[in-house]
Amino acid sequence: MASSLSNHCSSLLKLCSKSQDRSHLKKLHCLILKSLSLSADTFLSNTLITCYARSDLLSYARNLFYQIPHPNPFSWNAILSAYSKAGCIPQMEEVFFSMPEKDGVSWNSLISGYAGHGSRDRAVAAYCVMLREGLIPNRITFSTMLILSSACSSAGLGRQVHCQIIKFGFESYVFVGSPLVDMYSKSGFIREALQVFEGMEEKNVVMYNTMMIGLLRCGMVEDSKKLFREMAERDSISWTTMVTGLTKNGLDLEAIDLFREMRAAGVGIDQFTFGSILTACGGLSALQLGKQTHAYIIRTHYDDNVFVGSALVDMYSKCRSIRHAEVVFRRLRTKNIVSWTAMLVGYGQNGCSEEAVRIFCEMQKHGVEPDDFALGSVISSCANLASLEEGTQLHCRAIVSGLISFITVSNAIVTLYGKCGIIEDSHRSFDEMQTRDSVSWTALVSGYAQFGKAKETIDLFEKMLNDGVKPDGVTFIGVLSACSRAGLVEKGYSYYNSMMHDHHIVPIVDHYTCMIDLFSRAGRLKEAEDFIKQMPCHPDAIGWATLLSSCRFHGELEIGKWAAENLIELDPKSPVSYVLLSSLHASRGNWDEVAKLRRGMRDKKVKKEPGCSWIKYKNKVHIFSADDQSHPYSERIYVELEKLNDKMIVEGYKPDLSSVLHDVSESEKIHILGHHSEKLAIAFGLIFMPPELPIRVVKNLRVCVDCHNATKFISKITGREILVRDAIRFHKFSGGVCSCGDFW
């Protein structure tokens, strides 16, 4: 009867342990102490030790073990296993070396404890001692050693263990075969993995899944699909493995088709399946399918799962539906670093850099520490905003936290300083990097290119090639842009051909736009026209606008009309074509044509984007528009402008009236030019910014010719360094000279 009661209590204890019901486990222990003589029932004590260990109540397990008057081998192994699984290595070793006798279970616990908690060398040493003492390893020993080999990417150790598996006759065991296949595939020896797999007489679904994962990891998609179809039995892991593998190999459409097949087969779908299919929807920008999947997620009650929620945020962000991403994010009751980062990156991908910085600050308030990916993303957003102050603070944070050592963070810092116009600091950050990749080089190349430093850009690019770093398409965009802005047409054309023939990079629309810019900026508009006509695709709106802008600058009416017609056809609601063509006609005095274009804009309800400039002072952004009277310090600003204008005229400044696109008197044109937004922002900076600091102004449009000339005079008269970042590039004005060489 006592034995029956003991067995019944043991079953109840295991049930409590399995359900992690600690309260009932302790109550049951109390009941056993009252009803039975626990000191005389070692079997029940051993069960309690195991159950307490599984319920993360290690101190209870330890106390109970030391209360057993005569622990048997099962008792010793129970407490040893508890310490092993908890990673309490010193206590595990103490128990192991105190054991009166050790069996295979004892050695397996010791090896597993070492292997599972970062002590690879001690695990291998223990395994060797076990062999020397004449104990024969079993399938658990071999499985542990193979998993250790995989985790450490140690094919040499794995091969030695494989030899011993054959020696001791365990090669036909499926339990050993699966980790053996996994070890070889993770080490890149897929042929050996296939040999082990094919040599197994009996294969279960776990082994098939392991082999599929290995094939997909090595990019052998067709082989994995064939294996999947050959499976007599598939579980949810089999389906999820294939869906995930197809997604990771860029086969998003196939992944979606297989997901549909999976649903039709009635297979249970878990968080990992949803995560993979949402990744596929994001990769294809398939918003409608993503919404359908979202609806299915809600029906299956996975919408509050943090893993699935993060994947939904990422999917909506990649589908350019950032407001849907926000709604999903806000509804998540539990958020982790992945979900916060998904929202942060989503804002950045959708051009919402201010929101990205804001969500980062919110993340900080919630006590979530950023990882390298989150910190790199928010620094990139600061770079897009040209927000030097916040970016510098984040740079300091990266140094203090140690995240500066991650290449994603270092690359973002190089980009930050480049986009903020401090190319020297960008280069210094690049030089301080311990490791560099093609993104690092590209960030610096692009920084120099945007600054108009063509020679430095080309020298850096050549050094990149000499160091054996392979450039990508983005690198060539930077190099071609630099050549364009410096008027190096032949050099740029040579790099364009090298990109295709030497580096086998297929041009995309951005490269074609660079080439159009290269020819048209240099006034070689007929060559630009011929290049467009032989392109395999039509230019995008930026390409046509680039050509039209150059036609305006060089006064080429016919090609300008052709570019404008194509731009209007491509984007009827864009004001760019109307404004540039109006400017071209205005420069020739064709005011009737200008009026006609403006009527067309009114009829089609096309609105020109108003020009504005902004400057940051004492953590506040001050925004100015042309002829702005709304600023609290407007009176002081206009007085400062009048003083500057008088001094500039003495130095030889003459307003460029061609920058005014209105049929008004000369005096009115001079008045309009004198109150452009960037001039107001610069005057504000001269009044309030300390003399030792440069004046940094950002403009949303391309700076006009007159403002460019005026800023050169202002920098000479005041002795101040002025940095203007417009829609095209950086301009660094100092001593009456601009870094762009008057070519922008």
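A pocket, as the word is used here, is an open set of grid points with protein on both sides within 12 Å along at least five of seven lines, and its lining residues have an atom within 4 Å of a point. The model in question is predicted. With that in hand, start at the second largest pocket.

This pocket is lined by 29 residues. Nearest its centre lie Ala386, Ser387, Leu388, Glu389 and Lys616. The space inside comes to about 830 Å³. Several elements give two or more residues each to the lining. The helices among them are α22 (353–365) and α24 (388–401). The strands are β1 (612–617), β2 (620–625), β3 (695–699) and β4 (722–725). Strand β1 supplies the largest share, with five residues. By class, 19 of the lining residues are nonpolar, eight are charged and two are polar.

Stay with β1 and β2 for a moment. The loop between these two strands holds Asn619. Its phi is near 65°, a positive value in a residue other than glycine. Is Asn619 buried or exposed? Asn619 is exposed, because its relative accessible area of 57% is over the 50% cut-off.

His301 is not a glycine, yet its phi is positive, at about 65°. His301 sits in the loop between α18 (287–299) and α19 (306–318). His301 is also exposed, with a relative accessible area of 71%.

The largest nonpolar core has 120 residues. Which residues have the most contacts inside this core? They are Leu375 and Ile379. Helix α13 (residues 205–217) gives the most to the core, with seven residues. Leu375 shows what such packing looks like. Leaving aside residues up to four places away in sequence, Leu375 touches Phe360, Pro370, Leu394, Arg397, Ala398, Leu403 and Val409. There is also a second, separate core of 45 residues. Its members include Ala443, Val469, Leu518 and Ala545.

Helix α26 (residues 423–432) is the next stop. Its residues Ile423, Ser426, Ser429 and Phe430 are buried. Why do they lie on the same side of α26? They cover an arc of only 120° around the axis, so they fall on the same side of the helix. Their cover includes α24, α25 (407–419) and α27 (438–450).

How many cavities of 30 Å³ or more does the structure hold? It holds one. The largest cavity has a volume of about 30 Å³. Its lining consists of Phe624, Asp628, His631, Ser634, Ile637, Tyr638 and Leu680. Helix α37 (residues 634–651) gives the largest share, three residues. Four of the lining residues are nonpolar, two are polar and one is charged.

Take Ile68, in the loop between α4 (58–67) and α5 (73–86). Ile68 is buried, with a relative accessible area of 8%. In sequence, Ile68 and Ser45 are 23 residues apart. In space, the distance between them is 7.5 Å, C-alpha to C-alpha.

Tyr60 lies in helix α4. Tyr60 counts as partly exposed, because its relative accessibility of 35% falls between the cut-offs of 20% and 50%. Along the chain, Tyr60 and Ile49 are eleven residues apart. Their C-alpha atoms are separated by 7.6 Å.

Tyr184 belongs to helix α11 (residues 174–186). At 3% relative accessibility, Tyr184 counts as buried. What does Tyr184 touch, not counting residues up to four places away in sequence? The contacts are Arg159, His162, Phe189, Ile190, Glu192, Ala193 and Val196. Phe43 is another matter. The C-alpha atoms of Tyr184 and Phe43 are separated by 41 Å, and the two residues are 141 apart along the chain.

Note on methods: Residues are numbered from 1 along each chain as its sequence is written. This is a predicted model: local features need pLDDT of at least 70, side-chain atom pairs count only at pLDDT 80 or more; totals for chains, interfaces and linings use all residues. Side-chain values use heavy atoms; hydrogens and water are left out. On a 1 Å grid over the protein atoms alone, a cavity is a set of points where a 1.4 Å probe fits but cannot get out, and a pocket is an open set with protein on both sides within 12 Å along at least five of seven lines; lining residues have an atom within 4 Å of a point. Grid points are joined across faces, edges and corners, and a volume is the space filled by probe spheres set on the points. Helices (H or I, at least four residues) and strands (E, at least two) are DSSP runs, numbered from the N terminus. Ala, Val, Leu, Ile, Met, Phe, Trp, Tyr, Cys and Pro count as nonpolar, Asp, Glu, Lys and Arg as charged, and the others, Gly among them, as polar. Buried means under 20% relative accessible area, exposed over 50%, partly exposed in between (1.4 Å probe, protein chains only). The arc is that of the directions from the helix axis to the C-beta atoms. Contact means heavy atoms within 4.5 Å. A nonpolar core is a set of buried Ala, Val, Leu, Ile, Met, Phe, Trp, Tyr and Cys residues joined through side-chain atoms within 4.5 Å.
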